[in-house]
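Please look through the structure shown here with some care, and keep it in view while reading the short briefing that goes with it.

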Amino acid sequence: MQWHEKYGPWALVTGASSGLGAEFVRQLAARGLNVVLVARREQEMEALADDVRRNHGVKTRIVPADLTGPDACCHVGDRTSDLEIGLLVNNAGFGLSGAYADLDLDRLVNMTFLNCVVPVLLTNHYLPLMLERSRGGLIFLASTAAYQATPYLGVYGATKAFNLLMGESLWEECRNRGIDSLALSPGFTRTEFTSVAQMKDASGLREATPDAVVALALRKLGKRPSVIHGFANRMLNLTGRLLPRRAAIAVTSAMLKGRTLS
């Protein structure tokens, strides 16, 4: 079965207006999939949709939505009820940095809802339909922050551990039923993440480009349960696993404490 046949004819990408989400839209369109774009910023999605239609001849549908709003995921399901979604990319999310006690509770709750509850709701909607067809795919945006405690980025790291474990678990549950699941863990990537999270730019660190991160995810979908982008990130993860937990937490704390702006 060809790639676009297994995961098509439509893919749905959340957080599709910028960063990794926009790059998923471009690369999925280049592979011949029609794409549903879901995000808050309609104008940015319109421009991106025009670009991929012109360059790749695919169909697009734009669903403007604040996924943290009441019944937003139901709205997305209703707006795509006539489409066969073969690939769901749970990309939408954001981070908050700083000492936990200093962070705004409402923003923490919204972040946790967007990063964790929204993927559950959307997966719950689209996965049963994929199982009926015995084909399809799921991608969950985890992070290198998912592999150890992350002081000063603690709740964000916990939400990404949720996505890592969910993606890997569904890989095992569904792989013999025709559905591929992948948890993708980028490190620092050239997106809006640091500005939204109120972190200093990743100066002195090698930032990945969105195109490289997305290309890796699409290559590894169906081949493994999870993937970390970048050799250095994989080595850091291995080192963190070998160190005593107390030492690993101290190292991560030292790396992150000086990067927060809050």
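The points below take up a pair of helices, the cysteines, and a helix with its surroundings. The model is a predicted one, and the residues and elements named can be followed on the structure.

**Helices H4 and H5**
- Helix H4, which covers residues 72-79, and helix H5, which covers residues 105-133, have axes that come within 10 Å of each other and cross at roughly 30 degrees.
- Because angles under 35 degrees count as roughly parallel, H4 is described as roughly parallel to H5, and the crossing of these two helices is right-handed.
- On the H4 side the contact is made by Cys73, Val76 and Gly77, which meet Val118, Leu121, Leu122, His125 and Tyr126 in H5.
- Sorted by class, this contact of H4 with H5 has six nonpolar and two polar residues, while no charged residues take part.

**Cysteines**
- A disulfide is a covalent bond that joins the sulfur atoms of two cysteines.
- A search of the whole structure for disulfides finds zero.
- Cys116 is buried, with a relative accessible area of 8%, and Cys174 is also buried, with a relative accessible area of 4%.

- In helix H8, which covers residues 210-220, the buried residues are Pro210, Val213, Val214, Ala215, Leu216, Ala217 and Leu218.
- The elements that cover these buried residues of H8 include helices H1 (3-7) and H2 (19-30), together with strands S5 (136-141), S6 (179-185) and S7 (226-228).
- Just after H8, the residue Gly222 takes a positive phi of about 90 degrees.

Notes
Residues numbered from 1 in each chain as written. Predicted model: local features only at pLDDT ≥ 70, side-chain atom pairs only at ≥ 80, totals over all residues. Heavy atoms only, no water. Axes fitted to C-alpha atoms, helices over the stretch in contact; angles between N-to-C directions. Helix = DSSP H or I, 4+ residues; strand = E, 2+ residues; numbered from the N terminus. Parallel < 35°, antiparallel > 145°, perpendicular 65-115°, else oblique. Left-handed = near helix turned anticlockwise from the far one by under 90°. Contact = heavy atoms within 4.5 Å. Nonpolar A, V, L, I, M, F, W, Y, C, P; charged D, E, K, R; others polar. Disulfide = S-S within 2.5 Å. Buried < 20%, exposed > 50% of the residue type's maximum accessible area, 1.4 Å probe, protein only.
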